[in-house]
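Hi,

Here is the structure I promised to pass on.

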Amino acid sequence: MKLIAIPTRDGMVNDHFGHCAYYTVVTLDEQNQVVKQERLDSPEGCGCKSNIASVMQEMGITLMLAGNMGMGAFNKLSAHGITVIRGCQGKVDDVLKAYLNGELKDSLESCEHLDCDHHEEKPVYHIPSFGK
């Protein structure tokens with residue numbers, strides 16, 4: 001059995017895995033036939049700061065077909081044994097079919113503004129004003 005996660009919003013692959021509405025989890029048998037499809041709700045907030053990678057690992061998910069993500073998210077998923085194919089777009093069923101037909105390749109691109117550092121709170125400095 002092989003489990004695949006696809007970040008989903010309105011039946012489409014979401015552009016950023018950590019901001020999706022939910023994950024479509026597909027179970028394939030040894031002949032790469034879909035035997036089960038279920039929904040895994042997405043945690044609130046940035047995916048790279050959530051526990052979603054460990055949850056997916058515990059479920060047995062080993063592959064994610066994703067739109068895009070920052071390197072922090074990519075590294076976190078990889079560290080949990082989840083291979084990521086980035087650059088997927090379109091309807092979830094079409095992307096899954098393309099994967100099963102051997103037509104998907106990782107884009108090797110990550111979106112810099114989607115990296116975890118982008119979500120860090122930046123300090124605010126107040127410069128005192130002196131009366132004139």
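**The N-terminal end**

Leaving out residues up to four places away in sequence, M1 touches T27, L28, D29, E30 and V35, where a contact means heavy atoms within 4.5 Å. M1 sits in the segment before β1. With a relative accessible area of 64%, M1 is exposed (buried means under 20% relative accessible area, exposed over 50%, partly exposed in between, with a 1.4 Å probe and protein chains only).

**Ground rules and confidence**

This is a predicted model, in which local features need pLDDT of at least 70 and side-chain atom pairs count only at pLDDT 80 or more, while totals for chains, interfaces and linings use all residues. Residues are numbered from 1 along each chain as its sequence is written, and side-chain values use heavy atoms, with hydrogens and water left out.

Mean pLDDT (the predictor's confidence in each residue, from 0 to 100) is 82 for the protein, and 78% of its residues reach 70 or more. Confidence is lowest in α2, at a mean of 90, and highest in β5, at 97. Please be careful with residues 113-132: pLDDT stays under 50 there, and the model has 16 contacts beyond four places in sequence for them. Where pLDDT is low, the predicted coordinates should not be read in detail.

**Overall layout**

There are three helices and six strands, taken as DSSP runs numbered from the N terminus (helices are H or I, at least four residues; strands are E, at least two). Going from the N terminus, the order is β-β-β-β-α-β-α-β-α. Of the 132 residues, 42% count as buried. Among contacts between residues at least 6 apart in sequence, 52% join residues at least 24 apart. The accessible surface comes to about 8,000 Å², and carbon and sulfur atoms account for 49% of that (Shrake-Rupley method, 1.4 Å probe; for residues, only the protein chains shown count as cover).

What I'd look at next is β3: seven of its seven residues are buried. Y22, T24, V26 and L28 lie on one side and Y23, V25 and T27 on the other, so both faces are covered, with each of these residues buried. In a regular strand the side chains alternate between the two faces of the sheet.

On pairing (DSSP must find at least two bridges between two strands), β1 and β3 run antiparallel and are joined by seven bridges, with P7 opposite Y23. β3 also pairs with β4 (residues 34-41) in the antiparallel sense, over seven bridges, and here T24 stands opposite R39.

The β3-β4 hairpin has five residues between the strands. One of the residues in that loop is N32, which has a positive phi of about 60° although it is not a glycine. At 37% relative accessibility, N32 counts as partly exposed. D10 is another non-glycine residue with a positive phi, near 55°; it lies in the loop between β1 and β2 (12-13) and is exposed at 71%. Most residues other than glycine have a negative phi.

R86, in the loop between β6 (83-85) and α3 (92-100), is buried because its relative accessible area is 5%. Beyond four places in sequence, R86 touches A66, G67, M69, M71, F74, K105, D106, S107, L108, E109 and S110.

**Cysteines**

How many disulfides are there? With a disulfide taken as a pair of cysteine sulfur atoms within 2.5 Å, the count comes to zero. C20 is buried at 6% relative accessibility, and C88 is buried at 5%.

Cheers
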